[in-house]
Amino acid sequence: MDCWKGAVSRSWIYPTVIICANGFFTTMRPSESFLTPYLTGPDKNLTIEEVTNQIFPVWTYSYLALLFPVFLLTDYVRYKPVLLLQGISLIITWLLLLFAHGVMAMQVVEFFYGMVTATEVAYYAYIYSVVSTQHYQRVTSYCRSVTLVAATVAAVLGQLLVSLAHVSYFYLNAITLASVSLAFLCSFFLPMPQRSMFFHRKDTSEPLPGADKGVAAGGSHRPSSCQEEKSPNPAARGPTPQPQAGNARPHSHMLSVLLQLAKDLRDCYSSRKLLYWSLWWALATAGFNQVVNYVQVLWDFRAPSHSSAVYNGAVEAIATFLGSATSMAVGYVKVNWDLTGELALAIFSVLDAGSLLLMHFTDNIWACYAGYLAFKACYMLLITIATFQIAVNLSMERYALMFGFNNFVALVIQTILTIVVVDSRGLGLDITTQFLIYGSYFTVIAGIFLIRSMYTIISIKCRNTTVAAESTTH
């Protein structure tokens, strides 16, 4: 028995299988595509206005409040306890969805769902703490693939049960509760990591998985460092090694880690290239999350679920597939992203804006579905490009830090949008007007990066012309 336990603790296969099982059952939630019809239907009997202006905004606020402390807690307690917390939060969320009633109860649901999304960071971070560097690329592909498969299976299963078997939304939520309960059980079997990225780190930093192989289609066109304009290659290094918690007082150790994180952020954002890609990441992710959060409300407004067939699950399944396909396609496109990357951000942001404006102006539900598919495919394409542009030469620690901070900034922007546009204490706009605002928002993003891309292209052309002239003179 001891030999078997020792083999399990040394093998990368066992924790990978368990974390993938956890990810599959956590993501396999067939009721999620039908949340708005469930809340506004006979089971909960809430109005569209209550769902839009009073219930859904709570998720954004709780997510913002919890993200930073949970991010630090995740690393400090070494991931597994946070995965258990995520499982408990998921179970509470769906128990309340099944058996609680009223606006306040659904606001509590949104709070716990905010806890769920805040703890998602533990899923990918966990596996990097229990496997060696040589397996990073493989386990990353497994973990990402299994969540995409689970999301697709959940959406298709939900649609088939609703359309063909005429299963009520209540039983879809019961299936989801069973799935997340299995995920919670899986997390108990995860080995406890002995290290983490920041508070319990080893003395040497590890590169980002796949970064040495060109994560995606950067080819030779990649940022040279986190501070490419100031130093040779500081980003390729991780944070300066910190004393382990056992060798220093906990308070002083935590303070030293926080100060080091602040220094690393300053170093990384001093690169203009990383700054602009991170700016797009934060702005676009805020808009994307807002659209995904409220698109079901728009669909229910265009084709009320009590009198029309609902195809939310099928649309989400196709959207997941298109997002995966466009993300994968990036790996086969050979483009100088340093030169044309910001132009690509501008062009596809225009397409995003057009898709959202189409969803505002049309009364046809199929046009709304098509607009959403185009919007999500464009976003997934661009976020993939932005990810490898930021990550390709960063250490794992600095990538995790920038990823977390960019998402935090995105959440702050999303919270501002929610307070001003959605919340009943703000403007409390109706759902169609909201999508006009979101379309205009992406138009502004497109304008910013169109101007920036023109400046970048002209600057590079002028620089090349000057160099050519100087070489001709000599």
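## Packing of α13 and α14

Helix α13 (residues 337-361) packs against helix α14 (residues 365-391) at an angle of about 160°, and their axes are 9 Å apart. Axes here are lines fitted to C-alpha atoms over the stretch in contact, with angles from 0 to 180 degrees between N-to-C directions. The angle makes α13 roughly antiparallel to α14 (over 145 degrees). In the contact of α13 with α14 there are 19 nonpolar, four polar and two charged residues; Ala, Val, Leu, Ile, Met, Phe, Trp, Tyr, Cys and Pro count as nonpolar, Asp, Glu, Lys and Arg as charged, and the others, Gly among them, as polar.

## Basis of the values

This is a predicted model, in which local features need pLDDT of at least 70 and side-chain atom pairs pLDDT 80 or more, while totals for chains, interfaces and linings use all residues. Residues are numbered from 1 along each chain as its sequence is written, and side-chain values use heavy atoms, without hydrogens and water.

## Helix α14

The end C-alpha atoms of α14 are 38 Å apart, which agrees with the 39 Å that its 27 residues should span at 1.5 Å a residue (1.5 Å times one less than the number of residues). Of these 27 residues, 21 are buried, so α14 is largely enclosed by the rest of the structure; buried means under 20% relative accessible area with a 1.4 Å probe, protein chains only.

At the start of α14, a side-chain oxygen of Asn364 comes within 2.7 Å of the backbone nitrogen of Trp366.

## Asn173

Asn173 lies in helix α9 (residues 169-188). Its relative accessible area is 2%, so Asn173 is buried. Gly158 is 15 residues from Asn173 in sequence and 9.8 Å away in space, C-alpha to C-alpha.

Methods: Helix = DSSP H or I, 4+ residues; strand = E, 2+ residues; numbered from the N terminus. Parallel < 35°, antiparallel > 145°, perpendicular 65-115°, else oblique. Buried < 20%, exposed > 50% of the residue type's maximum accessible area, 1.4 Å probe, protein only. Polar contact = N/O pair within 3.5 Å; in protein donor to acceptor, adjacent residues only side chain to side chain.
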